[in-house]
Amino acid sequence: MSSQQDDLKETDTEARFEFKKEEKSAFQTEKGLTEETVRVISEDKDEPEWMLERRLRALEQFQEMPMPTDWPGQPDLSEIDIDEIVPYIRPDIEARGGAESWEDLPEEIQDTFDKLGIPEAEKNALSGVGAQYESEIVYQNMQERWEEKGVIFCDMDKAVQEHEELVREHFMTKCVPPSDNKFAALHGAIWSGGSFVYIPENTTVEMPVQAYFRMNSEGMGQFEHTLIIAEEGSEVHYIEGCSAPKYSKFNLHCGGVEVFVDEDAHVQYSTVQNWSKNTYNLNTKRAIAEKGGRMEWISGSMGSKATMLYPSTILKGRGASDNHITIAMAGEGQDIDTGAKVYHNAPETKSTVESKSIAKDGGRTNYRGLVHIADGAENSSTAVECDALMFDNESTSDTMPYMEINESKVDVAHEATVGKIGDEDIFYLQSRGLDDDDAKQMIVSGFIEPITEELPIEYAVELNRLVELEMEGSLG
């Protein structure tokens with residue numbers, strides 16, 4: 001093992017995420033959002049005319065839509081000022097679309113991803129890796145054995161150029177149109193970077209593919225787009241990691257994810273998001289599952305000042321299924337508003353939602369969910385379970401489930417529990433030799449275990465480390 005890898009193993013989790021690099025860029029736009037900004041971004045990427053037209057339509061929709069302010073109990077978004085955000089920063093690397101090897105990247109970018117453990121993960125456990133720094137992918141690689149089977153894993157900018165028909169058909173048309181919400185429209189206007197994944201019919205990618213998104217600059221926005229197309233009978237597990245260092249100014253993360261699950265295909269989408277506590281995390285993620293298709297969302301969300309994140313799935317074909325697993329943690333000054341949306345639009349569809357939230361030091365967590373069962377979606381079933389754990393009397397946890405049931409021949413279940421770590425629990429564990437901090441950590445680890453056991457081991461370990469740091473109040 002190299003000395004660099006030894007150093008990584010000895011580096012604590014806080015240091016791995018909280019470091020920051022000197023800002024260097026080859027090109028960046030001015031602050032704010034105008035038509036000229038959109039045109040400059042599109043021109044810098046040498047995009048086809050149809051993509052520029054879509055960006056401009058999305059910009060018009062963004063300008064026409066009001067900020068969401070009337071949702072019950074929603075996080076405060078008043079600090080967000082798009083005129084103070086730098087929407088596009090192209091990092092200073094020679095190769096557009098990503099370097100061919102880690103060694104070709106500038107030293108400061110290499111060091112960033114080395115600290116985050118990305119090269120080591122690529123060697124040991126992944127079929128492919130993409131790494132985004134600021135607004136663009138700086139490295140992308142796919143193992144040859146998957147490329148030979150027709151699997152495509154590249155950055156979205158390259159996909160627009162080289163897989164134009166697929167992108168033009170699927171990009172923000174059927175799954176996440178810009179009209180969906182104000183931040184989807186913002187994303188559609190100034191998106192940059194992200195991943196394109198295409199799995200051919202009856203192909204199973206046995207090892208996960210991973211993308212990692214890193215914001216380094218102060219006062220910027222990151223707007224990556226992920227598009228996954230799984231053809232009939234195919235299977236893939238896509239893993240996403242996100243982080244940003246702490247700065248005095250707010251940053252904005254406003255990504256978009258579209259997943260197309262064809263007949264009898266299976267897609268698992270796992271994400272561990274660890275933004276700094278000055279970041280607003282406002283994503284729009286949605287999947288469409290055809291007949292017999294299976295979609296799984298596994299999400300860990302923490303670190304941001306405010307998060308509004310509700311992955312949704314449209315169960316379009318008979319027998320399609322969806323499974324959401326979410327963990328959210330909020331500390332002082334944080335409002336983490338997460339949940340899931342599922343639309344049962346066909347018979348014999350099935351969904352499960354499991355949400356775990358932890359609040360401490362006056363933080364707030366909220367489950368906000370929607371289950372819609374359409375008329376005619378007979379013999380469908382859904383089960384929602386929301387569990388909240390609080391450390392103190394200042395913290396809050398809310399549950400806001402919405403059930404729209406338009407069919408009588410269905411099974412619907414909802415369960416919610418709220419608990420507080422009691423003195424008697426701590427005393428019992430202390431009597432077994434644990435100190436106060438270790439006792440609380442053991443209780444929390446047991447609370448989130450049903451979720452961490454669904455993650456690949458590297459991510460499960462990382463998530464537990466991040467939760468431990470959040471409990472100590474040392475991250476951000």
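Begin by selecting Trp191: at 0% relative accessibility, this residue is buried (under 20% relative accessible area, with exposed over 50% and partly exposed in between; 1.4 Å probe, protein chains only). The model is predicted, so local features need pLDDT of at least 70, side-chain atom pairs count only at pLDDT 80 or more, and totals for chains, interfaces and linings use all residues. Residues are numbered from 1 along each chain as its sequence is written, and side-chain values use heavy atoms, leaving out hydrogens and water.

Phe171 and Trp191 form a tilted aromatic pair, 5.2 Å centre to centre with 50° between the planes. Rings of Phe, Tyr and Trp (its six-membered ring) pair if their centres lie within 6.5 Å; planes under 30 degrees apart count as stacked, over 60 as edge-to-face and the rest as tilted.

A search of the whole structure finds four aromatic pairs. For another of these, select Trp71 and Tyr310, whose ring centres are 5.9 Å apart and whose planes stand at 40°, so this pair is tilted. Trp71 is partly exposed, at 37% relative accessibility, whereas Tyr310 is buried, with a relative accessible area of 12%.

Now select Tyr238, Tyr269 and Trp297, which form one aromatic cluster.

What lies over the face of Phe62? Selecting Lys182 shows this residue at 3.9 Å from the ring centre of Phe62. A charge sits over a ring if NZ of Lys or CZ of Arg is within 6 Å of the ring centre and within 35 degrees of the ring normal.
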